[in-house]
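Hi,

Here is the structure I promised to pass on. Have a look at it first, and then read on for what turned up.

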Amino acid sequence: MKFYVCIKQVPDVNAPLQIKDGELIQDADRSILNAYDASAVEEALVLKEAHGAEVEVVLAGPEKAKETIRKALAMGADKGTHIITDENSDHDSFTYANILAAFFKDKEFDYISCGKQSQDTDSGLTGSMLAQLLDLPYVTNAVALSYEDGTLRIKRQGDTGQEILDLPSPGLVTCSNDMNDPRIPSLKGIMQSKRKPVDTISVDDLDVGDDLSPKTKILGFEEKAGREPGQKFEGEPDEVAKKVAQLLDSEENLI
């Protein structure tokens, strides 16, 4: 079984940040493997250990993102591919989906997995767009994977409960970070990762067409507005409950 996992390097969400004149200022040196992608890598490794598989990670990003590929290799992935992009690019979900689709169009695989979203934008669009561009069946927001009778059985979190679906091969699945607790690479894994192959290609070497311009544009950033102070009620419970009900009816139109 051949498993590709799409990963992304994102800013460390625990690092300090500030907004100044509509610009987001972050520590460029504190970057990590996207948590949702880490769960996708972990689940692919679990399937590899149970059924035998080759797990390859694919990352589109600037030169410095190679350290994120090494993190996934240290976890246990077999090899990696780094699609070099401009560090100052304003790629959005559409752009990344097109880059990845150009990479995968001549590849043979059983399944592609992605994190359901990335921690930097939380868009949650790239996986679905990629499946559409490759004309693949796909399942989103998976919380558990198993391999049974030659097909991938997926438990996904729906709006009203969990659903169990079978995904034929080839197919694509996007993974929730509620799926598992990604392993911490061991010292042995870190040392082995340095000897694992990482293919490097330029985005210019891919047949991505003429238009890689983003379809969305960030106009600016602003601080989240603070919440208005709540109201405190005192008195007998019955009287307080009656007053709260009146306010919910007259001011919030909730009753």
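To start with the surface: the protein has an accessible surface of about 15,100 Å², and 46% of that belongs to carbon and sulfur atoms (areas come from the Shrake-Rupley method with a 1.4 Å probe, and for residues only the protein chains shown count as cover). Please keep in mind that this is a predicted model, where local features need pLDDT of at least 70 and side-chain atom pairs count only at pLDDT 80 or more, while totals for chains, interfaces and linings use all residues. Residues are numbered from 1 along each chain as its sequence is written, and side-chain values use heavy atoms, with hydrogens and water left out.

Now the overall picture. There are 6 helices and 13 strands in the protein (DSSP runs numbered from the N terminus: H or I of at least four residues for helices, E of at least two for strands). Along the principal axes, the C-alpha atoms fill a box of roughly 70 × 50 × 40 Å. The protein has 255 residues, and 40% of them count as buried (under 20% relative accessible area; exposed is over 50% and partly exposed is in between, with a 1.4 Å probe and protein chains only). Of the contacts with a separation of 6 or more, 70% are between residues 24 or more positions apart (a contact means heavy atoms within 4.5 Å).

Next, some backbone details. Most residues other than glycine have a negative phi, and most peptide bonds are trans. Here, S169 and P170 are joined by a cis peptide bond, with omega about -5°. P170 is in the loop between β11 (162–167) and β12 (171–175).

Two aspartates have a positive phi. D135 has a phi of about 60° and sits in the loop between α4 (126–134) and β9 (138–148). With 71% relative accessibility, D135 is exposed. For D149, phi is near 55°, and this residue lies in the loop between β9 and β10 (151–157). D149 is exposed too, at 83% relative accessible area.

Strand β9 also holds Y147, which is partly exposed at 24% relative accessibility. What does Y147 touch, leaving aside its neighbours within four places in sequence? Its contacts there are M1, L47, H51, Y111 and L152. K64, in turn, is 83 residues from Y147 in sequence and 35 Å from Y147 in space, C-alpha to C-alpha.

Cheers
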